[in-house]
Amino acid sequence: ASWAVPSFRCMGNLASAIDELAAVDLDDLPVSAIGEDIAELTRQRNRLDAQILRRVERFDRRGGAVDHGSTQSWLRSELRMSSPDAHRDVTLARDLADVMPATMAAMADGSISSQHAQAIARLRRTIDDDAVVAAEPHLADAARTSTPKDLRAFASSVAHSYSPERFADAERDDYEHRRFDAASTI
């Protein structure tokens, strides 16, 4: 098929780039170069996460997981993801495609992480989509200079200002659904 060649080439290039990174002897690099590498790799990881989420959304909307029941089930089965991680990725992928173009663009250019995007996407639980559309570009801009924690606080204040009742309900639900998961690493 015509799609296979470009997709295969992209994945091959990505694999080759990772192989080249793995071959670098870090002991030969000055510590400042290692720091620069960390910053650039993080930016590229953000870009890669955006492309993964873009594909999760299309796979989901086009019914790619019909044999598994849901995209979340497919992610758990095929990629051995945890249920919360699979749910998070599918929900975030849908949110980005539906009402978060500025956030997707910021992820795609590497400026923000998926944690930033999740902080913005939480707004859909507390305010209507029209309000999300109005607030999202401002939050995406703020994400470029904020930590995810600071952005969550900012997004919470936005949610509270748009819909104090729904915000209170969402906070109560979060409190009631808290849980602690512990797993053995042995």
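**Entry 1: ground rules.** I am working with a predicted model, in which local features need pLDDT of at least 70 and side-chain atom pairs count only at pLDDT 80 or more, while totals for chains, interfaces and linings use all residues. Residues are numbered from 1 along each chain as its sequence is written, and side-chain values use heavy atoms, with hydrogens and water left out.

**Entry 2: the whole chain.** I looked up the secondary structure and found nine helices and zero strands in the protein chain, where helices (H or I, at least four residues) and strands (E, at least two) are DSSP runs numbered from the N terminus. Of the 186 residues, 29% count as buried, with buried meaning under 20% relative accessible area, exposed over 50% and partly exposed in between (1.4 Å probe, protein chains only). I also noted that, among contacts between residues at least 6 apart in sequence, 62% join residues at least 24 apart, a contact being heavy atoms within 4.5 Å.

**Entry 3: H4 against H6.** Two packed helices are described by the angle between their axes and the distance between the axes. For helix H4 (residues 83-99) and helix H6 (residues 114-121) I read an angle of about 70° and axes 10 Å apart; the axes are lines fitted to C-alpha atoms, for helices over the stretch in contact, and angles run from 0 to 180 degrees between N-to-C directions. H4 and H6 are therefore roughly perpendicular to each other, since angles under 35 degrees count as roughly parallel, over 145 as roughly antiparallel, 65 to 115 as roughly perpendicular and the rest as oblique. On the H4 side the contact is made by Arg 88, Leu 92, Asp 95 and Leu 96, and on the H6 side by Ser 114, Ala 117, Gln 118 and Ala 121. I sorted these residues into four nonpolar, two polar and two charged, taking Ala, Val, Leu, Ile, Met, Phe, Trp, Tyr, Cys and Pro as nonpolar, Asp, Glu, Lys and Arg as charged, and the others, Gly among them, as polar.

**Entry 4: Ser 114.** This residue lies in helix H6 and is buried, with a relative accessible area of 18%. Ser 114 and Asp 49 are 65 residues apart in sequence, and their C-alpha atoms are 6.9 Å apart in space. Leaving aside neighbours within four places in sequence, I list Asp 49, Leu 92 and Met 107 as the contacts of Ser 114.

**Entry 5: H2 against H5.** The axes of H2 and helix H5 (residues 101-108) come within 7 Å and cross at roughly 130°, which makes H2 oblique to H5. From H2, residues including Asp 49, Ala 50 and Leu 53 take part, and they meet Met 104, Met 107 and Ala 108 in H5.

**Entry 6: Glu 57.** I placed Glu 57 in helix H2 (residues 31-61), and at 10% relative accessibility Glu 57 counts as buried. Beyond its neighbours within four places in sequence, Glu 57 is in contact with Ala 93, Arg 94 and Ala 97.

**Entry 7: Val 99.** Val 99 is found in helix H4 and is buried, with a relative accessible area of 8%. The C-alpha atoms of Val 99 and Asp 129 are separated by 7.0 Å, although the two residues are 30 residues apart along the chain. Asp 129 is also one of the contacts of Val 99 outside four places in sequence, and Arg 124 and Glu 136 are among the others.
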